[in-house]
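Let's take a look at the aromatic rings in this one. Have the sequence and the 3D view ready.

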Amino acid sequence: MRGTHPRAGRPTAHMARCVAAVLITTSAWSQESTAERPPNVIVIFMDDLAYADIGPLGAQGYATPNLDRMAAEGMLFTDFVVSAAVCSASRAALLTGCYHRRVGISGALGPNAEIGIHPDETTLAEVCRARGYATACFGKWHLGHHPKFLPLQHGFDEYFGLPYSNDMWPQHPEFVNLPAAADGSRPGFPPLPLIEGNAVINPNVTSVEQCQLTTWYTERAVDFIARHAAQSFFLYVPHAMVHVPLHVSEKFRGRSTRGLFGDVMMEVDWSVGQILEAVERQGLDEHTLVIFTSDNGPWLSYGDHAGSAGPLREGKGTEFEGGVRVPALMRWPGQIPAGHVCRELATTTDILPTVAALIGAPLPPRAIDGHDIRALLFAQPGALSPHPVHYCYGPGDELQAVRDRKWKLHLPHRYRTLAGRPGGTGGVPVAYSTATIGLELFDLEHDPGETTNVADRFPEEVARLQALAEQARHDLGDTLTNRTGAGVRPAGRLALDDPRLVW
Ligand code: MG
């Protein structure tokens with residue numbers, strides 16, 4: 001299985017074409033002044049960072065001055081949701097502007113996965129590249145690790161990072177203490193590779209190296225901003241943190257009063273500050289939209305190594321608000337009003353169509369689910385969420401809830417929970433138990449914690465949302481009712497003769 005890994009730095013024909021394209025577009029854009037160019041876009045995408053993990057939403061035990069600054073100088077969204085409360089599916093939605101169900105990517109892809117984003121889908125990077133943008137991804141990709149699925153094949157000029165989650169390695173806490181087999185092989189995950197471009201540059205990331213990931217991604221981001229100051233750019237920074245196993249550099253070890261999780265959050269905040277400073281240093285402050293958000297809520301079974309959803313119910317892996325509602329900050333001085341709070345429903349799928357509208361790029365040829373939220377972003381008076389309905393697909397592609405503005409109807413389903421028990425300590429999780437919820441209606445405006453079922457009081461809302469659920473089943477399917485969905489498109493699949501990533 002372990003082949004000789006390709007060496008970094010060997011230019012491929014594809015890379016050469018990319019470099020040539022970048023040089024040409026840089027030359028074209030550099031003839032325009034900054035004000036004439038379409039704005040830069042930076043998306044900082046956290047992993048498992050929960051609703052109440054940032055200062056503006058109640059973080060405790062550590063300070064997040066740079067995230068506080070983003071809120072003070074930009075917009076805080078209090079009702080921003082993801083398509084799925086799990087890593088790969090959530091990223092598929094962010095980058096395609098579609099429900100993850102629509103593009104055929106569910107759950108979290110592991111080292112055995114043989115799927116990724118279909119080549120006919122259009123990613124946010126490709127939308128930006130169509131307008132001549134320089135593009136880069138520094139961080140966790142998690143949308144297929146074989147070469148045909150890696151970022152360079154989906155609109156990014158540069159890539160550096162982990163192909164999937166940082167716990168998919170031999171030290172995973174559920175496997176690390178199991179005995180080796182007779183042939184010496186160990187159960188669990190293979191060594192964790194670090195990739196640059198399309199090549200593995202480190203076949204076996206160590207714990208010492210995991211401590212540097214946030215720093216490395218930040219340094220790459222700052223360097224990219226400096227190199228492309230004279231050209232419009234899209235920079236995507238999907239951090240490995242604050243997904244377990246938590247790792248922090250010496251710069252922040254022991255700095256918080258919230259243990260390792262707080263230290264990691266302080267380093268994340270530092271990273272945001274470095275990126276904001278880099279933008280400012282290049283004179284691009286008023287020409288750059290910076291978005292900070294997360295892929296899903298807290299992994300509660302990890303206890304003190306997990307974040308906090310604050311008042312929201314449950315966490316990652318569930319369709320309760322604690323799983324799907326994430327913090328979101330958007331800053332663009334001079335365009336987004338400072339210190340504004342948006343309480344309207346918006347989603348990660350809105351980022352692609354909103355950016356397309358902002359930079360004057362065409363929308364993808366295939367149908368998408370996100371909406372242009374510029375009216376919310378610019379705080380136009382009376383602006384409302386453009387979402388008539390939002391569907392919540394849970395584990396196993398079950399349609400588990402339907403949201404229409406303040407109303408959220410849970411459809412009968414099983415979900416994982418700690419049922420009030422404490423989570424684990426020191427990076428070792430406790431086991432979840434399983435609970436069941438029936439047909440229950442919640443008024444999220446008055447009850448964001450989904451504590452009080454009001455289905456009996458509002459039967460007409462229940463019936464209306466059930467009819468919407470039926471529309472979703474027709475379009476996007478539902479394994480709970482054995483529906484496939486007429487609007488579901490296939491993921492990209494690895495063919496027998498496709499090159500595989502070996503390391
Ligand atoms: Mg995640």
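How many aromatic pairs does the count come to? The answer is 18 aromatic pairs, where rings of Phe, Tyr and Trp (its six-membered ring) pair if their centres lie within 6.5 Å, and planes under 30 degrees apart count as stacked, over 60 as edge-to-face and the rest as tilted. Keep in mind that this is a predicted model, so local features need pLDDT of at least 70, side-chain atom pairs count only at pLDDT 80 or more, and totals for chains, interfaces and linings use all residues. Residues are numbered from 1 along each chain as its sequence is written, and side-chain values use heavy atoms, with hydrogens and water left out.

**Phe138 and Phe224**
- Phe138 is in strand β4 (residues 134–138) and Phe224 is in helix α6 (residues 213–227), 86 residues apart; helices (H or I, at least four residues) and strands (E, at least two) are DSSP runs, numbered from the N terminus.
- Both Phe138 and Phe224 are buried, where buried means under 20% relative accessible area, exposed over 50% and partly exposed in between (1.4 Å probe, protein chains only).

**Phe160 and Trp216**
- Here's another edge-to-face pair, with 6.4 Å between centres and 75 degrees between planes.
- Phe160 sits in strand β5 (residues 158–161), and Trp216 is in helix α6, 56 residues apart.
- Phe160 is buried because its relative accessible area is 4%, while Trp216 is partly exposed because its value is 25%.

**A cluster**
- Phe45, Trp141, Phe156, Phe234 and Tyr236 form one aromatic cluster.
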